[in-house]
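This report describes the fold, the cores, the helix packing and selected backbone features of one protein model. The sequence and the structure are shown first.

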Amino acid sequence: MSHKEYQGPAGGWGALKATTTHLFKSQNVAKNISNLLRTNQDHGFDCPGCAWGEKGVPGRFRFCENGAKAVNWEATTRRVDKEFFAQYSVSWLNQQTDYFLEFQGRLAEPVRYNSASDHYEPISWDDAFKLIATKLKELDSPNQAEFYTSGRASNEAAFMYQLLARSFGTNNFPDCSNMCHEATSVALAKTIGIGKGTVRIEDFEKADAIFLFGQNPGTNHPRMLETLSHSTKRGARVVAFNNLKERGLERFANPQNPVEMLTYSSTPTTSDYFTPKLGGDMAAVRGMVKLFNERHKEAVAQGGSLFDLEFISEHTQGMDDYLALVEQTPWEKITEQSGLSYEQIVRAADIYQNAKRVIVTWAMGVTQHKHSVATIHELVNLQLLFGQVGKPGAGLCPVRGHSNVQGDRTVGINECPAESFLARFDEVFGAKAPREHGHNVVQAMQALMDGQSKVFIGLGGNIVAAVPDTQKVADAMRGAELTVNIATKLNRSHVNPGKESIILPCLGRTDIDMQAAGSQKVTVEDSFSMVHASSGRVDVSDEQMRSEPAIIAGIAKALLGDTNPVDWQALVDNYDRIRDLIEAVVPGFDNFNDRLDQPGGFYLGNSARDLNWKTASKKAQMFADPLPEAVIPVAATEKAKAPVFIMQTLRSHDQYNTTVYGYDDRYRGIFGEREIVFMNPQDMDKLNLTEGDLIDVQTLWTDSQKRQITGFKVIPYEIPQGNVAAYFPEANALIPLSSYGDESFTPTSKSIAVLVSLHQPSEQELLVKG
């Protein structure tokens, strides 16, 4: 491993070099150059990476470095076929890295696990569907099956998937959103009546200030960097609250800007940067509001006001109780929990107060804590006090991760569906949808562990790598009666098969989807509620892969019958018919098929942006949540005899979700390694650690299970004292499945109490060295 501090900006020549490297690694250079030029373009395909939107500017390339990696990774010529599975046992494959598994190439044909030989073997599509249907029919209840969805699935596939599962009789829809932005969906639904952000991408052109909380766009949604750098150029204040110092939140060289590329120059992405402690964002915002409340009282005494009292009176409820709680919150607790000084909070508050139009954005640095819902309530309260919702250049902007994680939820992937949705379902399909709430990810994994659930079907994703308590989840999957994975690439979930296990190879976003009516397009929804069409460009018609809608229809026909409750094959023949059903069931999709030709897609609308509050009170609700007593449960740390650290997991720059493209994390200066822990240099000194030392990290939790990672290298980094960070999914073994957010059930991947110690080699390691 090498560690060298990165001196350049995000983007720039480094991004172009990395893109070129991954082009050659795909072994499909010419076709992938063509693919990249069609990425996020009208009549092209939507990037299989992040959900950041587009401004609709024609004639430009619209992919970032990570998007290029995703396209090249998917459109490879390598194949995982029967010869591959005959050569390698599942047990051997499970010992390999996540990078190795996915690097082998595209899954080429349906396979079934043979437990006697420990190998996957070919199975016909029809036999695979029959086996799945047989196992589902043998269940005592439909609620013993878990229907998992990845945010990569299209609206069409997700809608068919929920139709299949609800027609079978369950609302068990564990979904990748449960692990990332569920706190957003919960908090926004309670406060403004809709679980989505109120901002459109054009608002970033009008905002006077943009406040970013808990996000690293340089790695997770790089196309946002262009938006931020443009905002700083025109004079907007862009304020980052992020636990680590990240290069993408400091400077950006736009690869599409010839001057910046030729002169090796760059543009700041933020004007002000604060590094709160993990879990301290709520306290930081509480401090800002405490200052505002004091200033508001002074203004009122002089006959004026600081807050937008007209907006508050007409559109909100709960301000008095909230401000009373703010007054009672002591400054000592605010500064201690936030990790920011009083002076820093004053500086942030002054920037906010002097801006007429403010956008507040956030990502998983906010949503993966026990008190995440309360933190988002706090962000909403701040915006409501100043009337910063429902006007151009202002609003609330959760930045989603996967490309269609928001769209999947819109079209029905929801374990707790609204009665209005179910009523429309009943009316359109002439069948009674189940009303009993289903399982989210945490509940689904617990049900599999307890043996209450018997079947797991995954529409994309990599559940074993993505979920906390890695070994427990792997064991639960192996104990299932049947696991089914619909996927493009081999991953960790596939090498932890159930007693019966099937892998079904599906088309990717880059592939041509040819059906009876011709080449089909699918749709996705971005973070700004824009719906885009996506059409692949790679011809795989001579291979055995099938589209996700076709696979779902195959299972449905074997399980429910050819026409129960719809003609499944007719939907596959022409996806326009799927969209007609979405239009009939889901509000906002009027004239769905006709609107797909609009350049840039069409806007679904947002009730809160229109000041239409779909809450019980018909007003936006301010919630008075006290600051947490501690970021992590006190009971988990009270017996500790050594310094306790709060750990977060994060992605490297050569990674998207569980997909690892390589072993470099360029912006953090890490090359050739992933088993590392970032730590404040002063904390390292206190533990007598030097850069590169091997350390063991052990979780402190309220149960008796030992959770530990060993032999990781410690790296000094600009991170608050008492906080450490490690890569996901390698550090997922440290996160208890039972540690999740209040109301959201989102794993607390950004706040785990751990002990750090010098590595103690095992007997096996000593023997190897000897």
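## Backbone features in the loops

E743 is located in the loop that joins β33 and β34; helices (H or I, at least four residues) and strands (E, at least two) are DSSP runs, numbered from the N terminus. Although E743 is not a glycine, its phi is positive, at about 75 degrees. The loop between β33 (723–727) and β34 (752–758) also holds P729. The peptide bond leading from F728 to P729 is cis, with omega near 10 degrees.

P565 belongs to the loop between α25 (548–560) and α26 (568–573). D118, likewise not a glycine, has a positive phi of about 65 degrees. This residue sits in the loop between β5 (111–114) and β6 (119–122). D118 is buried, its relative accessible area being 14%; buried means under 20% relative accessible area, exposed over 50%, and partly exposed in between (1.4 Å probe, protein chains only).

## Basis of the model and overall composition

The model is predicted: local features need pLDDT of at least 70, side-chain atom pairs count only at pLDDT 80 or more, and totals for chains, interfaces and linings use all residues. Residues are numbered from 1 along each chain as its sequence is written, and side-chain values use heavy atoms, with hydrogens and water left out.

The protein chain contains 30 helices and 34 strands. Of its 770 residues, 63% count as buried. Among the contacts in the chain with a separation of 6 or more, 78% are accounted for by residues 24 or more positions apart; contact means heavy atoms within 4.5 Å.

## Nonpolar cores

A nonpolar core is a set of buried Ala, Val, Leu, Ile, Met, Phe, Trp, Tyr and Cys residues joined through side-chain atoms within 4.5 Å. In soluble globular proteins, nonpolar side chains tend to be buried together. The largest nonpolar core here has 63 residues, and those with the most contacts inside it are I132, L136, F147, L164, L504, W568 and F589. Helix α8 (residues 155–168) supplies the largest share of this core, nine residues. Another core, of 58 residues, lies apart from it and includes A183, F213, F292 and V346.

Neighbours within four places in sequence aside, F147 is in contact with Y161, L164, A165, F168, T170, N172, F173, P174 and I457.

## Helix packing

Two packed helices are described by the angle between their axes and the distance between the axes. Axes are lines fitted to C-alpha atoms, for helices over the stretch in contact, and angles run from 0 to 180 degrees between N-to-C directions. Angles under 35 degrees count as roughly parallel, over 145 as roughly antiparallel, 65 to 115 as roughly perpendicular and the rest as oblique.

Helices α13 (residues 281–301) and α17 (residues 342–353) pack at an angle of about 65 degrees, with axes 9 Å apart, and are therefore roughly perpendicular to each other. From α13, the contact involves A284, G287, M288, L291, F292 and R295; from α17, it involves Y342, I345, V346, A348, A349, D350, Y352 and Q353. The crossing of α13 past α17 is right-handed; a crossing is left-handed if the near helix is turned anticlockwise from the far one by less than a right angle, and right-handed if clockwise.

Helices α22 (residues 441–450) and α24 (residues 470–479) have axes 8 Å apart and an angle of about 60 degrees; the two are therefore oblique to each other. The crossing of α22 past α24 is left-handed. Here M445, L448 and M449 of α22 meet K472, V473, A476 and M477 of α24.

Helices α8 and α21 pack at an angle of about 85 degrees, with their axes 13 Å apart, and are therefore roughly perpendicular. F159, Q162, L163, R166 and S167 of α8 make this contact with F421, L422, F425 and F429 of α21.

## Individual residues

T659 lies in strand β27 (residues 659–660) and is buried, with a relative accessible area of 15%. Its side chain makes a polar contact with the side chain of E102 (3.4 Å). A polar contact is a pair of N or O atoms within 3.5 Å; within protein, one must be able to donate a hydrogen and the other to accept it, and residues adjacent in sequence count only if both atoms are side-chain atoms.

C416 is found in the loop between α20 (405–410) and α21 (419–429). With a relative accessibility of 35%, C416 counts as partly exposed. The C-alpha atoms of C416 and N440 are 8.8 Å apart, and the two residues are 24 residues apart along the chain.
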